[in-house]
Structure formats: C-alpha cells, structure tokens
Amino acid sequence: MTTLPFLLLILAVIVGYVLNRVAAKTIRDGGNRLHSMTSYHGMFSALLILVPVLTFILLWLVLRGPVIDGMVMGGLPDGVLVDLDSGGVQLVLAEIKSVSRGQVFGTPEDWKIAAADRFVILHQRADWLLIAAVAAISLLLMGFARSRVTADFRARQGVEGIVSGLMIFCSTVAIFTTIGIIVSLTYETFRFLEAVPLTDFLFGVNWEPQIPLREDQIAAEGAFGWLPVFLGTIVITVVALVVAVPIGLFSAIYLNEFAPRKLRSVVKPVLEILAGVPTVVYGFFAILVVAPAIRSLGQSIGLDVAPNTALAAGGVMGIMLIPFISSFADDALSAVPQTLRDGALGLGATRGEMMTTVLFPAALPGIVGGVLLAVSRAIGETMIVVMAAGLIAKLTINPLDSVTTVTVQIVTLLIGDTSFDNPKTLAAFALGMMLFLVTLMINIFALRIVRKYREAYD
Amino acid sequence: MNDMRQFERDVKMTNTKITARSVNVHYGDTHAIKDVDVDIADKTVTAFIGPSGCGKSTFLRCLNRMNDTIDICRVTGLINLDGKDINHKSVDPVQLRAQVGMVFQKPNPFPKSIYDNIAYGPRIHGLARSKADLDVIVEKSLRRGAIWEEVKDRLDQPGTGLSGGQQQRLCIARAVATEPEVLLMDEPCSALDPIATAQVEELIDELRQEYSVVIVTHSMQQAARVSQKTAFFHLGHLVEFNDTDQIFTNPQDSRTESYITGKIG
Amino acid sequence: MTDFTTGAGVPRNTTSTELVAASLKRRRRKQSRLQWIGLGAISVAFLMLFILVSSLISTGWQAFTQTHVTLEVYVDPEEIPVDRLPRGGFDDALAASLGKMVPGVDMSDRKTARAVESILSNGAQFSLRDMVVADPDLIGQTITMKVPVSDPYDQLNKGLIERETPEENRRVKNNEIAWFDALVAQGAISKPFNLALFKNADSRFPEQAGLKGALVGSFWALLTCFLIAFPLGIGSAIYLEEFAPKNKLSDFIEVNINNLAAVPSVVFGLLALAVFIGWFGLPRSAPFVGGLTLALMTMPTIIIATRAALKAVPPSIREAALGLGASRQQVVFQHVLPLAMPGVLTGTIIGLAQALGETAPLLLIGMNAFITSAASSPFDSATALPTQIFIWADSPERGFVSRTSAAILVLLGFLVIMNAIAIYLRQKFERKW
C-alpha cells in the first residue's frame with residue numbers, strides 16, 4: 001500500500017517529462033527557435049512534480065502514524081484512560097495496535113476491539129486519501145508545467161533554479177542535524193532538571209539511577225550526581241591515551257623518517273585495517289582476551305583485580321586509537337616543510353636529532369590537535385566500555401577497579417523499555433548533553449589548532 | 001686551455017680545500033652531473049653559475065653529501081676534503097656536515113627562538129661545555145652573521161618572526177656557529193629583496209676571511225660581485241672554471257660567452 | 001692526474017672537529033634507540049592486530065560447523081495423528097528413535113528420557129513437524145533425518161568440553177558422554193557446514209541461532225542510509241565546493257560538518273531516539289530508523305570525500321567547458337562530477353563500511369531486540385550485524401562465544417570486501433592531472 005503513491009509519483013514524473021518534451025519539440029519543429037533544449041523542458045516538468053510531491057508523501061507517511069494514534073486514543077470511550085500514567089496509555093495503544101494486526105492475546109475489552117477496527121479503517125482511509133492527493137497534486141503541477149512551454153521559456157534556468165534550491169537544502173541538512181541534536185538534548189535535559197536540581201546533577205558524588213517502579217515501593221530515591229560517572233570516563237580515557245599516544249607517536253616517527261619505503265607501504269594499510277575495525281569487535285576482544293589476561297596477570301602477582309577493570313576497557317580503547325594518533329602525527333610530520341629537514345641535516349644533525357629537535361617540535365601543534373581529537377573520541381566511545389567497563393559508578397581513580405562511563409550509563413539507561421517521563425531515562429539525555437558539550441568544546445579547540453597549524457605551513 | 005688549468009692548479013695547490021674528480025650524479029634515470037672536476041680553494045669565494053637545471057645545486061649538495069638524503073640519487077667519483085675522501089665508508093655524513101656547513105635557497109629558521117636557532121648546531125655537536133660557552137658562541141656567530149645588533153635584545157623571540165633578509169643572515173649565523181671549514185650557499189639571495197641581498201653579499205665577503213665559501217647563484221652580477229673564482233655549469237658539464245675576472249672578461253668557451261652575454265638563459 | 005694532497009696543514013678548528021667526532025658514537029646510539037622504539041611501537045600495534053584476529057578465528061571457526069545426528073524416525077500415527085496437525089508428539093517420536101540408538105537406557109523413566117532427548121537441539125522437533133505438515137503421508141513411515149544436537153554435545157564433539165575435567169565441573173556428565181560416544185561409534189554423528197548460521201534468525205539456543213535476521217536488518221539499514229546520505233551528501237558537497245558564496249553562512253556550514261563528523265555516535269542515537277521515535281513516532285527497532293540515523297552520521301564523510309574529489313578536478317576542465325558556453329551547472333554535472341565520481345564512490349563506500357560497523361546508535365533505537373524472524377520491510381523490528389554481535393556477546397550460553405566470533409568474522413568479511421572495492425576503484429580510476 002505504501003508503494004502505490006511512489007509508483008504513482010514515478011509515473012507522473014515520466015508523463016510530465018514526456019509531455020513537456022514533446023510539446024517543446026512540436027514548437028521547435030514548427031520552425032521556432034527554442035530558448036532551452038527540449039530535454040530541459042522535460043526536466044523542468046519532472047522536477048516540478050517530483051520535489052513537492054515527494055516531500056508531501058514523506059511528510060504524510062511520517063505524520064500519519066502519530067495523527068491516527070491520536071485520533072484513535074481521542075475517540076476512546078470516556079473514563080477508560082483515567083488512572084493511567086503515560087506508560088499505561090502507551091500500553092493500551094500497543095494492545096490496540098496488536099489487535100488491529102490480528103494478534104489477539106487473551107480477551108481484550110470490547111472498546112479495545114472497536115478502537116482497533118477504527119484504527120484499521122483510519123489507516124485505510126489515510127492510504128486512499130494519500131493516493132488521491134498525490135494524483136491531484138501531480139496533475140495540477142503537470143498542467144502548470146505544460147502551460148509554461150513556449151519558445152522563449154527559459155526552461156534551463158528553471159531547472160537550474162530548482163537544482164540550486166535542492167543543493168542548498170542538502171547543505172542545510174548538516175545544520176538541521178546539529179540543531180536537532182541541540183534541541184532534543186536541551187529539551188529532554190530540561191525535563192530531567194525539573195525532577196532533579198541542576199546542582200545535584202553537576203556536583204553530586206553519587207550516581208544511583210534507581211527509580212521506584214510503584215508509588216508504594218520502598219526503594220532508594222535515586223541519586224543523579226554525574227561526577228563519579230565523569231571521573232570514570234576520565235580514568236578510562238587516560239588509560240587509553242597512555243597506551244595510544246606513545247605507541248601512535250613512535251610508530252608515526254618511525255614511519256615518517258626511518259621506515260624503508262617497502263615497510264611503510266605494508267604498515268600503513270595494516271594500521272588502516274586496525275582503524276576500520278568496528279568498536280563492537282574491540283569490545284568483544286576486551287571481554288574475550290584482554291580482561292581475563294589482565295585478571296590472571298593481576299592474580300598471579302597477588303593483586304585483587306575486578307573482572308571489568310578500567311585497565312582492560314581503556315587499554316583496548318588505546319589499541320583502537322593507535323592508528324588514529326599515528327596517522328594524525330604522520331600527516332603533521334609530513335606537513336613540516338622539506339627546508340627545515342634540510343636545514344637540520346645541513347647543520348650536521350643525525351636523522352634522529354632532526355626528528356626529535358626540529359620536526360617533532362615543529363609538528364607539535366598538529367600532533368596536539370590530533371591527540372585532542374583522540375581524547376574526544378575516547379570520551380565519546382561507547383561499545384568498548386559498554387561491553388568491558390562496569391555499571392556501578394565509583395569515585396575512584398584506580399585503573400584496576402571497575403568504573404563506569406558517561407556513555408555506558410546512557411546506553412544502560414536507555415536499553416530496554418523506555419518511556420520518556422521518568423528521571424531515569426531523562427538522565428541519559430542529561431548525560432548526553434554533557435557528553436555533547438564536552439566533546440564539542442574539545443573538537444572545536446582541536447580543529448582550530450589543526451587548521452591554524454596547516455595554514456602556518458601552507 | 002688545458003695547460004693553463006693545469007698550471008693554475010699547481011700554483012694554488014697549497015691551499016686547495018676541496019678536490020673533486022670525475023664526479024657523476026644520477027637521479028633515477030637522469031644523468032644530472034657529468035664528469036665534473038673542480039678544485040675549491042680555502043679562504044676564497046667560489047661561485048657556481050649556469051642556467052637553471054644545469055646541475056650546479058646538485059653538485060653543491062654533493063660537497064656535504066646532502067644528496068644522501070634523496071633515495072634515488074647516486075653519486076660516483078672522488079671528492080676530497082683536505083685530502084680525505086668524503087664518500088668513504090668511514091666518513092660519517094654527520095661529521096662531514098659539521099665541517100661543511102650549508103645555507104639554503106629559502107631562509108629556513110627553525111620554529112624556535114633566535115638563540116636556540118644559533119645554539120642548535122653547537123648543542124647537537126656538543127661544542128659548548130656550559131651555558132656561558134654557548135652564550136659566547138651565540139654572540140660570536142650572530143656577530144659574524146652581521147645580525148647581532150638587530151637581534152641582541154630579542155634573542156628569546158622566534159626566528160620565524162624576522163624579515164626575510166634577517167632570517168637568511170640568521171641561517172648563515174646558524175651555519176657558522178658549528179665552526180665549519182667550508183660554507184656552501186645554495187642561491188642564498190634568491191628569496192630576498194635587493195637591500196637584504198646587498199647585506200648578505202657584504203656578509204659573504206667578510207666570511208671569506210675565515211672560510212672557504214661556495215655559492216650557487218643565478219645572478220652573474222652577484223657572482224662577479226662576491227666571488228674570486230667562478231665555475232660555469234651547463235647541462236651537467238663543468239664548462240669552464242677560472243678566476244672570476246677571467247670568466248667575465250675573457251671567457252675561453254663559447255658556451256660561457258653565450259651565457260654571460262645573455263644568449264643562454 | 002696530479003696528486004692532490006693538500007698543503008693547507010692542520011685544519012683550523014681542530015677542537016670542534018674532535019668534539020664532533022667524540023659525540024658521534026653517542027648520537028648514533030641515540031638515533032638507533034629511537035628507531036628501535038619506533039619499530040617496537042609498530043610491532044606492538046601489529047601484535048595486537050594479530051592477537052585480535054587470531055583470537056577471533058580460533059574461537060570463531062568452530063561455529064561454522066555444527067554437529068548433527070542422523071536419526072531413523074518412525075512417525076507414529078498414535079503420537080502424531082493426522083487430524084491434530086500441526087500439533088503432535090514430535091519430540092517423543094524423536095526421543096523414541098534416539099532411545100533405540102543409545103544403549104542401556106530405560107526410556108520409560110521420564111527423567112532418563114528427558115536427558116536422552118536433550119542430546120537433540122530443541123529445534124529438531126520443529127524440523128520434523130515442518131516435514132510432516134508439508135507431507136502428511138509421512139505419518140506411519142520411518143524417515144531418515146539429520147538434526148542438530150544441542151549446544152553441550154556440540155561443544156563435546158568439537159573438543160571444547162574437556163573430558164579430563166572432573167565430572168562435577170563439566171556440563172556433560174560421564175553417562176552422557178557414553179551415550180554420545182555410542183552414537184559416534186554407530187556413525188550417526190556428523191559435522192557439516194553450519195548452514196543455520198546464515199539461514200536462521202536469532203534464537204535462545206546457540207545451535208539454532210543464525211545471522212539471517214541481522215544480515216537482513218543491516219541490509220535494510222544500509223540501503224536506507226545510502227539512499228538518504230548519498231544524494232544529500234553529494235548535493236551538499238557540490239553546492240559548498242562549486243556554488244556557495246564564500247561568506248559567513250558557508251563557513252558556518254563547513255565548521256558544522258567538520259564538527260558533526262566528530263560528534264560521538266551515541267549522541268546521534270539520542271537524537272534518533274528523541275526525534276525520530278519520540279517526536280515523529282517512527283517505530284522502534286526498525287532498520288529504517290537505524291538507516292536514517294546512520295545517514296546523518298555518514299553524510300559528513302561523504303561530503304568531505306566528495307569535496308576532496310571535486311577539488312582534485314583541475315580548473316582547466318571547468319574553464320574549457322565554461323569557455324564553450326556551458327552554464328556552471330552544466331559544467332559541474334556534465335564534466336566535473338563524472339570525473340570526480342570514483343573519488344565520490346570510494347568515499348561513500350568507506351562511509352557505508354563505517355556505518356555497517358556502527359553499534360551504539362542502533363542500540364539506543366532498540367535494534368538489539370530479540371527477534372526470531374528476519375524483517376520483511378525496513379519498518380519491521382530487526383537487529384543489525386553489530387547489534388547481533390553485542391547481543392550474543394552478552395549471552396551467558398557457552399555456545400554463543402564462538403558464534404559471536406563467527407558473527408564478527410562475517411562482519412569483518414563484509415568490511416574487507418567493501419574496503420577492497422573502494423581501494424580497487426581508487427586505483428583503477430586514479431588519475432594524475
């Protein structure tokens with residue numbers, strides 16, 4: 001049923017193209033000189049139909065669901081939804097929907113069955129309405145486009161105008177994405193802050209996001225102080241950098257100056273492979289190999305090691321970051337002008353001295369920018385920590401202990417059934433907001449450094 | 001002509017610094033330098049002139065083995081510095097380059113302070129025993145580079161902040177600081193304005209008192225102004241090598257004559 | 001040739017020459033130390049990659065085969081009457097036939113019977129049921145069928161359960177090992193390629209769990225991602241590179257795109273959860289929503305790659321076409337874009353490869369649900385390859401460890417293929433201007 005409007009649209013586009021092209025051709029064959037080529041006349045009609053109708057169909061499809069849900073729920077008999085919180089209402093809606101699909105569990109009340117029927121009917125009506133609307137709009141646009149075909153109609157300019165508009169729209173998608181991120185995070189964060197005071201969130205040292213499920217349940221109030229979570233993130237990030245920065249930098253130094261060309265041509269792609277491995281794979285690697293190895297190593301020297309240490313998660317994250325840092329550092333070193341290399345060698349520096357005393361310091365801003373981007377990556381990295389780090393927030397900087405991170409909490413709070421009205425799920429958005437802000441600041445700073453550095457040597 | 005060269009070589013033998021015999025350089029498949037013989041005297045400015053691509057810079061880079069840093073470059077023949085083969089296995093290019101300093105076409109101060117730029121060579125080579133030693137070397141070098149007065153109050157500021165001419169004199173001072181015996185200059189004034197060029201040329205003339213200077217230049221006027229000996233390169237050959245006066249007033253080879261009268265560019 | 005010993009005598013600055021000479025050995029040592037450290041760093045990176053791959057292969061390869069047992073099943077009309085289909089005692093029929101093959105067991109003892117029955121995978125009875133439902137004439141006949149064994153016996157057969165382990169620490173007891181060995185002795189046990197890994201969707205039982213649902217889910221998600229990100233990315237890149245006036249707005253867009261490329265993926269998941277699911281009411285767990293989210297993440301990659309490819313087309317081509325009277329759009333779409341296409345495609349494939357491995361945003365939109373059938377449209381609930389890996393990695397059953405590794409190998413296989421295509425495109429169409 002959903003494909004029919006699209007087929008109709010394609011048909012309309014083709015018909016519109018052919019109609020206009022033929023019309024233009026007739027004018028040309030009649031001895032008139034056309035301003036634009038016939039194909040542009042066809043394109044004009046096709047685009048004029050395609051763009052608005054496609055937008056219309058997509059909007060319709062996106063909005064249809066919520067609108068019909070609202071109509072069905074609004075049409076329920078009075079009183080049945082009283083005493084239900086939003087979760088309960090969601091549940092009723094879900095039940096009506098599953099009844100409408102013919103999946104009946106138990107014996108639903110009559111009003112639910114009636115609502116399900118109404119749901120089905122509304123959907124059918126919506127489908128027919130959509131088809132009718134698509135046909136009508138298409139015909140209208142087709143007629144309009146056809147009426148524009150004259151010898152001096154500037155079809156090419158028309159087409160190019162539409163294409164320009166489309167391209168500008170494409171460019172703004174990036175902005176809309178950013179706006180979407182900021183708006184959605186801000187909105188949910190404010191809702192969170194209605195339940196939890198800002199100061200508790202920012203300066204609290206306890207993170208225990210349990211919420212009583214029923215009014216009468218005796219449960220912890222739930223504490224939402226993000227500091228221990230943030231501290232855990234920092235511990236893991238530091239571990240990751242301790243692994244990645246030296247290995248990445250020394251690899252880059254070797255590759256850039258000392259490696260024979262053949263070795264370089266092997267090592268670079270292998271490092272790229274390391275960079276292309278999905279993080280979920282690293283996460284599994286951490287729990288399958290690294291964490292048990294660290295644990296048994298710790299036990300063999302008499303240390304008490306948690307099963308999901310910050311060391312394992314951070315270490316594996318470090319491995320993930322090695323290629324990132326090494327390729328950044330390699331690029332930065334390569335960007336140092338040849339004249340500086342010559343200058344140092346001409347003074348009698350060994351290649352090692354040239355590297356450590358001239359190239360490396362000269363490339364340092366670029367390298368620092370790369371390391372900062374790596375920091376932002378480590379803070380935002382999710383799968384490795386979700387799989388290999390802990391869940392309990394602890395105020396500790398011991399890498400052998402188990403810590404949790406911002407991203408781990410976001411995922412664990414949102415996995416499973418979520419409704420948008422309790423502090424537990426909203427807390428995830430507040431954490432997401434903090435994560436976004438922190439990484440954004442680091443990124444802007446790092447990108448600025450890198451950019452400045454590139455300009456300095458261009 | 002050959003007899004004359006032979007004669008001259010014998011006369012000047014007592015203070016010959018560098019002797020090159022049948023030097024050939026290949027860049028991959030390109031034969032860049034063909035059978036070049038030359039003697040470079042101590043405490044003299046020797047200029048290499050010739051049209052672009054004639055190999056004069058390539059040959060200059062042979063004299064302190066800077067061509068070693070280019071993978072595809074192959075140098076054959078004999079180059080002696082004070083009678084010792086610089087391409088011999090036992091010679092460390094690092095040590096050679098400390099003895100034969102180099103100044104490049106484009107001023108290339110390191111992104112460090114003026115002081116650290118000058119102190120770079122002495123530091124890596126371990127020439128200064130103390131900070132005071134180093135201070136002395138830095139001042140002496142900057143004075144020799146004729147830039148001391150301009151920078152003495154801002155030694156801690158980055159060398160990249162100086163003007164082009166100052167940067168080039170800084171680079172010369174930096175090369176001088178390692179106490180080389182020979183100073184190679186690869187078109188040191190090509191990136192400079194006329195005033196800065198004049199300052200650098202004056203400096204080169206002073207440096208002649210203590211060093212053997214070899215300068216590659218594009219400008220015949222410059223060669224005439226600063227050098228005592230001039231070598232003319234063409235298409236990888238050393239066409240003519242003689243006293244500068246001789247080359248410019250009485251060239252022996254028709255190609256040299258064409259070049260200095262402007263027929264080959 | 002004349003002998004040319006120099007008469008210049010002792011070099012002027014003997015001391016500095018000596019100092020340099022004296023320092024050489026130490027400096028050479030320092031340089032080689034730096035080189036060795038660098039080589040060591042690279043070796044560490046290589047070693048890690050080697051351990052990663054070898055641990056995956058060593059645990060994963062076992063999952064590509066599955067232990068099966070061949071049974072002679074008598075489809076007893078008493079247990080499975082025609083009129084009750086598709087219901088019936090299929091499990092009893094299988095158990096009875098197995099009981100005949102295992103020596104010395106009393107199948108009338110319910111406990112023993114259940115223990116024997118548990119040699120077979122839970123899915124075996126459904127295979128039998130499907131066969132009988134498809135062809136009711138089989139009732140009353142004896143049919144030969146090959147069914148998978150359950151996970152513990154599969155592990156026993158693959159040597160993953162050590163027979164030397166003390167019985168109390170072993171999941172398969174001594175008498176059960178004896179039964180299995182008897183089956184082996186009768187030649188009933190085989191270990192063919194594990195087709196179920198690709199034919200089945202997820203299951204609670206490791207021996208039945210497969211990747212079909214995840215592969216289909218990933219396919220829909222990537223398709224959606226491609227259909228959205230590719231046109232949007234190219235349109236955006238062309239505009240920014242070829243048409244946009246250099247002003248504050250285009251600068252802002254540019255900064256925006258660079259920053260978006262560095263926003264943590266989990267934040268995109270939050271965006272999708274709040275906007276696509278929360279506000280627009282799109283279905284949870286749907287590959288369409290996943291694809292939409294991945295598209296937003298992939299777009300910056302495609303934009304950046306496309307702009308680089310457009311930049312690499314020399315201006316002379318634009319000037320030549322403009323000079324012939326083409327409009328700027330004609331120049332771009334007819335001349336510049338076709339020349340830049342290999343670069344664009346390479347960037348797109350690399351972007352899609354990243355999207356294929358992306359997990360966190362998909363978790364947030366619920367693509368980690370337990371779904372036992374493959375999605376038939378992008379709007380059905382589904383998992384994706386990386387989320388399936390996450391689910392299996394989280395499962396306690398021992399058999400899922402090797403299945404997780406196998407799933408990772410499949411995922412890496414796809415990534416290798418995609419990257420190989422990208423490299424091939426790059427090399428085949430690489431042009432030196």
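Q: Hi! Quick one to start: is B:Arg208 buried, exposed or partly exposed?
A: Hello! In this predicted model, B:Arg208 is partly exposed, with a relative accessible area of 25%.

Q: Which residue does B:Arg208 form a salt bridge with?
A: The partner is B:Asp205, and the closest N and O atoms are 3.6 Å apart. B:Asp205 counts as partly exposed because its relative accessibility is 32%, between the 20% and 50% cut-offs.

Q: Where do C:Arg318 and C:Glu242 sit in the chain?
A: They link distant parts of the chain, being 76 residues apart. C:Arg318 lies in helix H12 (residues 315-323) of chain C, and C:Glu242 in helix H8 (residues 212-243) of chain C. Both C:Arg318 and C:Glu242 are buried.

Q: What about A:Arg191, which residue does it form a salt bridge with?
A: A:Glu188, at 3.3 Å between the closest N and O atoms. Both residues lie in helix H5 (residues 155-195) of chain A, three residues apart, or about one turn of the helix.

Q: And why does A:Glu188 count as buried?
A: Its relative accessibility is 1%, and buried means under 20%, so A:Glu188 falls in that class. A:Arg191, by contrast, is partly exposed at 24%.

Q: Changing topic: how much area do chain A and chain B bury between them?
A: About 1,600 Å², with 63% of it on carbon and sulfur atoms. On the chain A side, A:Asp342, A:Gly346 and A:Leu347 supply 35% of the area that chain A buries against chain B, more than any other three residues. The contact takes 19 residues from chain A and 24 residues from chain B.

Q: How many salt bridges are there between chain A and chain B?
A: Two. A:Arg261 and B:Asp71 meet through their side chains in a salt bridge of 3.4 Å, N to O.

Q: Which helix gives the most to the side of chain A that touches chain B?
A: H11(A), with seven residues. That side divides into 10 nonpolar, six polar and three charged residues.

Q: Last one: where does C:Ser376 lie?
A: C:Ser376 is in the loop between helix H14 (360-364) and helix H15 (385-394) of chain C. It counts as exposed, at 61% relative accessibility, and its side chain makes a polar contact with the side chain of C:Asp380 at 2.8 Å.

Definitions and conventions:
Residues numbered from 1 in each chain as written. Chains lettered and ligands numbered in written order. Predicted model: local features only at pLDDT ≥ 70, side-chain atom pairs only at ≥ 80, totals over all residues. Heavy atoms only, no water. Contact = heavy atoms within 4.5 Å. Buried area = accessible area lost by both parts, 1.4 Å probe. Salt bridge = Lys/Arg side-chain N within 4 Å of Asp/Glu carboxyl O. Helix = DSSP H or I, 4+ residues; strand = E, 2+ residues; numbered from the N terminus. Nonpolar A, V, L, I, M, F, W, Y, C, P; charged D, E, K, R; others polar. Buried < 20%, exposed > 50% of the residue type's maximum accessible area, 1.4 Å probe, protein only. Polar contact = N/O pair within 3.5 Å; in protein donor to acceptor, adjacent residues only side chain to side chain.
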